[in-house]
Amino acid sequence: MATEETGLRISVLASGSTGNITYVESDHTRLLVDCGFSGKKAIELLHKIGRRPEDLDGILVTHEHSDHIKGVGILARKYGMDVYANEKTWQAMEPKLGKLKLEQKHHFSVDQTQTLGDIDVSSFAVSHDAIDPQFYTFQKDNKRFVMLTDTGYVSDRMRDYVKNADAYLFESNHDLSMLRMGRYPWSLKQRIIGDKGHLSNEDGALALAEIVGDRTRRVYLGHLSKENNVKEIAHQTAEEILLKKDTGVNETFRLYDTDPVEPCPLFVL
């Protein structure tokens, strides 16, 4: 793909409780992380940022929940791309993906680094109610992009692993007041706020305050709940906490919102 830019180019194509898909590319490699939408919707999102599914090299899967894998099998079959996930995730999701060729299936273990094309991709474990959930970091030319959603808490180990990256997609799933007063049954509310659920706006911001560093330039707030959050509340909560913690928000780095059905513009690291 001819371009004047170098390094990583990234778009959070869509993020939320209804579906998740992120695009990462370099001059020689084009990857998706998850595809929680129909194949048709995924192709539409790619076209909106001027990219074609037939140019994709692979899909990295974080875990087997449907808002992350709905379109993985469809895209992989249609365009012949490789799919990467850890062994337990493969076991859980394979019946849902449909038939794939053996050569398309690749194992990507937790705490492993693989070089896909010219991008170094590393995986790390998170705390979520999936069989073996993991998220990814992407590095090229000393620039690093970290994805961290779908976790009930951020451990010291996770925090140290993802510290001071150039850009983040970070979970800001729910507003606690909206969740508590909402229509979800108590069992589901307990699941969401538990150690294997999702980060609230406040908890996500408090974790970010200890993670961002002098290299950080962009933080995308992701995986917002359709029922228990709105962009304005998530953004305001994160901004207030990050300002209070003197992190450099709005000075050395900026917060960006993601959307459940529309892509963020491509940005360059």
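These entries set down what I looked up, one topic at a time.

**Entry 1, the sheet from β7 to β13.** I note before anything else that this is a predicted model. I began with an open sheet of seven strands, and I read its order as β7-β8-β9-β10-β11-β12-β13, with mixed pairing. At its edges I found β7 (113-116) and β13 (254-257), each of which has a single partner strand, so one side of each is left without a neighbour in the sheet. From one strand to the next, the twist averages 20 degrees.

I then looked at one pair within this sheet: β10 (residues 143-148) and β11 (residues 167-171) run in the parallel sense and share four bridges. Phe145 has Ala167 of β11 as its bridge partner. Helix α8 (residues 201-209) packs on the sheet and touches β11 and β12 (218-222), and its direction makes about 150 degrees with that of β11. Helix α9 (residues 231-244) lies across β12 and β13, and I noted that it runs at about 165 degrees to β13.

**Entry 2, the sheet from β6 to β14.** I found another open sheet of seven strands, also with mixed pairing, in the order β6-β5-β4-β3-β2-β1-β14. Its edge strands are β6 (105-107) and β14 (267-268), each pairing on one side only. Inside it, β4 (residues 58-60) and β5 (residues 82-85) are paired in the parallel sense over three bridges, and Ile59 stands opposite Val83 in β5. Helix α4 (residues 87-97) packs on this sheet, where it touches β5 and β6, with its direction at about 120 degrees to that of β5.

Gly39, Ala42 and Ile43 of α1 make the contact with Ile74, Leu75 and Tyr79 of α3. By class, I read this contact of α1 with α3 as five nonpolar residues, one polar and no charged ones.

Which residues touch the most other members of the largest nonpolar core? Of its 48 residues, they are Leu60, Val121, Phe138, Phe145, Tyr168, Phe170 and Val219. A second, separate core has 26 residues, among them Ala14, Ile59, Leu75 and Leu100.

Although Ser172 and Gly204 are 32 residues apart in sequence, their C-alpha atoms are 5.6 Å apart in space. Not counting residues up to four places away in sequence, Ser172 touches several others, including Leu199, Asn201, His223 and Ala234.

I also checked backbone angles, since most residues other than glycine have a negative phi. Asn142, in the loop between β9 (134-140) and β10, has a positive phi near 65 degrees, and at 55% relative accessibility Asn142 counts as exposed. Asn164, in the loop between α5 (156-162) and β11, has a positive phi of about 55 degrees, and at 23% relative accessibility Asn164 counts as partly exposed.

Technical notes: Residues numbered from 1 in each chain as written. Predicted model: local features only at pLDDT ≥ 70, side-chain atom pairs only at ≥ 80, totals over all residues. Heavy atoms only, no water. Pairing = 2+ DSSP bridges. Axes fitted to C-alpha atoms, helices over the stretch in contact; angles between N-to-C directions. Contact = heavy atoms within 4.5 Å. Nonpolar A, V, L, I, M, F, W, Y, C, P; charged D, E, K, R; others polar. Core = buried A, V, L, I, M, F, W, Y, C linked by side-chain atoms within 4.5 Å. Buried < 20%, exposed > 50% of the residue type's maximum accessible area, 1.4 Å probe, protein only.
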